[in-house]
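Visitor: Could you take me closely through the place where the two chains meet, and then show me how the parts of each chain are arranged around it?

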Protein chains: 2
Amino acid sequence: MLEEILPQQGRLLVVSGPSGVGKDTVLERLLDPAQRPPNLVRCVTATTRPPRAGETYAVDYYFFSREEFEARIAENFFLEYAPYGERLYGTPRDFVERERARNNDVILKIEVQGALMVKQAMPEAILIFLAPPSWEELERRLRARQTDDEEAIQRRLQTARRELETAPRYDYLVVNDDLERAVETLRQIILAERCRIVHGDAHVPPPPA
Amino acid sequence: MLEEILPQQGRLLVVSGPSGVGKDTVLERLLDPAQRPPNLVRCVTATTRPPRAGETYAVDYYFFSREEFEARIAENFFLEYAPYGERLYGTPRDFVERERARNNDVILKIEVQGALMVKQAMPEAILIFLAPPSWEELERRLRARQTDDEEAIQRRLQTARRELETAPRYDYLVVNDDLERAVETLRQIILAERCRIVHGDAHVPPPPA
């Protein structure tokens, strides 16, 4: 009888945090079909990198040529986009809007700078900062990945320090000290937000520096 | 490493909603020692009614004489107070502040008008509106209590209609269609709020009419 005071569409939940904090593992677990909350979908993003074997268009990524991608930038197709090395990656606005209109919550994993850009473009987005329990643990996790040399690790740690400074602009802080606990907290946030009455004073952070 | 961006004290959670919606049953279940979230205490309120057999001062209520109660009103001792029939009831500010300083979340059950007064006095309070699934169900529950005659039931229903209009000033809406589900939702809200970053733009509703 009162549900109309709740938002009549799904939410956009943005999970971010420094490289090495465990964003992928946490989201994979949250979205595991055996325990995934109902009406929650992962945002399919766009990329100019070619599909790998077994990857499907619109399931894993929207695969665009560089020309297609750039044409879509001009059309305001992306909530945010950014280059990584040679490639472009972006968040398609219409995917988010379509799923929200179906009353699905959309969860987007993105790096810190991108998360703040999404909040600029869609101020009602709910930003969740996944933080490491300590610097030592973050460094340990980066080394454990064995993907980076010492210089790259030091660069990632330096970036992480800058990124942690933006956490106060987020809506939630989840410390990933224990995987199951972090997943459970994320699930609680998602379900609690479904009961949240929005007062039109959503926090809009200043644009990223 | 980042916990300092979260509030460094417990929260005040206010559960309200119309008479007959099931506030007592939901809170009793939430606070059941077998499943109560850690660091959550129920607010002990003050009253001028005399203790009943088995009731203990500062556990069930703070029992004050009318003179003591009125002296405390003058001292700004209460976050809010109100008469019910011959008696006065109030929420002691110092109980709430003491428990919050101990990093305990305080949960307060209160009628709708009182909840809005608490939010005025403590704008960071988190207001949760417990709503019936339908008018018919609210009427059925009021009749099932067998405590009121027809006139009293009609009066309560009329009051409920006015109270439901204030729900948009709350922070959360929980529909009590199923007891276990309502309790679980309340628990999710409490735990999610512990990770919430407060931006200093807490919603302050206009004073109750």
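Guide: To place a rotation axis, the copies are superposed by least squares on the C-alpha atoms of residues with pLDDT of at least 70 in both. The model is a predicted one, and in it a rotation of 180 degrees, with 0.0 Å of shift along its axis, superposes chain A on chain B with an RMSD of 0.0 Å. That is the relation of a two-fold axis. Among the residues of chain A, the one that comes closest to this rotation axis is Q188(A), whose C-alpha lies at 2.5 Å.

The contact itself draws on 26 residues from chain A and 26 residues from chain B. On the side of chain A that touches chain B, the elements giving two or more residues are β9 (172-175) and α7 (179-193) of chain A, and α7(A) supplies the largest share, 5 residues. By class, this side of chain A has 18 nonpolar, 5 polar and 3 charged residues. Because 100% of the interface residues of chain A are also interface residues in chain B, the copies meet through the same surface.

From the contact one can turn to the nonpolar core. In soluble globular proteins, nonpolar side chains tend to be buried together. The largest nonpolar core here has 102 residues, of which V14(A), I128(A), V14(B) and I128(B) touch the most other members. Leaving aside residues up to four places away in sequence, V14(A) touches L108(A), I110(A), A115(A), V118(A), A125(A), I126(A), L127(A) and I128(A).

In chain A, an open sheet of 4 strands has the order β4-β3-β6-β5, with mixed pairing, and its edge strands, β4 (62-63) and β5 (78-84) of chain A, each pair on one side only. Within this sheet, strand β3 (residues 46-47) of chain A runs antiparallel to strand β6 (residues 87-92) of chain A, the two being joined by 2 bridges, and T47(A) has Y89(A) as its bridge partner in β6(A). Helix α3 (residues 93-101) of chain A lies across β5 and β6 of chain A, running at about 25 degrees to β6(A).

In chain B, an open sheet of 4 strands likewise has the order β4-β3-β6-β5, with mixed pairing. There, strand β3 (residues 46-47) of chain B pairs with β4(B) in the parallel sense over 2 bridges, and the bridge partner of A46(B) in β4(B) is Y62(B). Helix α4 (residues 112-121) of chain B lies across β5 and β6 (87-92) of chain B, at about 160 degrees to β5(B).

Key:
Residues numbered from 1 in each chain as written. Chains lettered and ligands numbered in written order. Predicted model: local features only at pLDDT ≥ 70, side-chain atom pairs only at ≥ 80, totals over all residues. Contact = placed C-beta atoms within 7 Å. Nonpolar A, V, L, I, M, F, W, Y, C, P; charged D, E, K, R; others polar. Core = buried A, V, L, I, M, F, W, Y, C linked by C-beta atoms within 7 Å. Buried ≥ 20, exposed ≤ 12 C-beta atoms within 10 Å, placed from the backbone. Pairing = 2+ DSSP bridges. Axes fitted to C-alpha atoms, helices over the stretch in contact; angles between N-to-C directions.
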